[in-house]
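Biologist: Please take a close look at a single part of this model, and describe how its residues are placed and what surrounds them.

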Amino acid sequence: MRCDVLYDVAPPGSLLVVGTVKTPWKYQDVEKFHYRTLADDIEWRSTDPAEPDIESIHAMMSDQRFPAAFLLITRSQIANDEMFALLPVPLQQVKDALIASDRFHVIYSNPDAVILTVANT
C-alpha cells in the first residue's frame, strides 16, 4: 500500500507516525509534515505484550503542536518488527490494542494496512 490515503486526509503540519521505518512514505510534500516512528521515537513505559503501552502513543499523537496526528501500520512493518524485534512489544499486539482501544479511531483499513487517529474525547 502506498500512503496516498494518509496524504489525502492529513492536513499540512500533521504528525505522521509509522511502526517502523520500512514504510513507503516521505515521497510527497515531505516539508509539510512531521514524521515519527514507534520503533525510534517512543519512550515505552511498559514492555508487557499483554498490555502494550498505548498511553505513550496517545501522548505523542495528542501533542497540541500538531493540528492532527495519524498512525499507519502495515503488514510489512509488522513483518519487519517480527524479524528484527524493533519494538519492545510486538507491533501486531500494539496494532490490536490500538484498534481495541476507545482512545483511537480507525479511519482506514484494508488487509495490508490500517490508519488510526486519536479519537475525539
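Modeller: Phe84 has its place in helix H4, and in this predicted model Phe84 counts as exposed because its relative accessible area is 52%, where the cut-off for exposed is over 50%. Together with Met83 and Leu86, Phe84 makes a nonpolar surface patch of about 340 Å².

Helix H4 itself covers residues 75-84, and within it Gln77, Ile78, Asn80 and Asp81 are buried. Seen down the axis of H4, these buried residues fall within an arc of 160 degrees, so they line one face of the helix. As background to such a pattern, an α-helix has 3.6 residues a turn, so residues three or four places apart point the same way. The cover over the buried residues of H4 includes strand S1 (15-18), strand S3 (69-74) and helix H5 (91-100), whereas on the other side of H4 the residues Arg75, Glu82 and Met83 are exposed; Met83 is also one of the residues that make the nonpolar patch.

Just after H4 comes Ala85, which lies in the loop between H4 and H5. The phi of Ala85 is near 50 degrees, a positive value in a residue other than glycine, and this deserves a careful look when set against the general rule. Most residues other than glycine have a negative phi. Ala85 also counts as exposed, because its relative accessibility is 59%.

Key:
Residues are numbered from 1 along each chain as its sequence is written. This is a predicted model: local features need pLDDT of at least 70, side-chain atom pairs count only at pLDDT 80 or more; totals for chains, interfaces and linings use all residues. Side-chain values use heavy atoms; hydrogens and water are left out. Buried means under 20% relative accessible area, exposed over 50%, partly exposed in between (1.4 Å probe, protein chains only). Helices (H or I, at least four residues) and strands (E, at least two) are DSSP runs, numbered from the N terminus. The arc is that of the directions from the helix axis to the C-beta atoms. Contact means heavy atoms within 4.5 Å. Patches are made of residues with over 30% relative accessible area and no salt bridge: like charges are joined within 9 Å, nonpolar side chains (Val, Leu, Ile, Met, Phe, Trp, Tyr) within 5 Å. Accessible areas come from the Shrake-Rupley method with a 1.4 Å probe; for residues, only the protein chains shown count as cover. A salt bridge is a side-chain nitrogen of Lys or Arg within 4 Å of a carboxyl oxygen of Asp or Glu.
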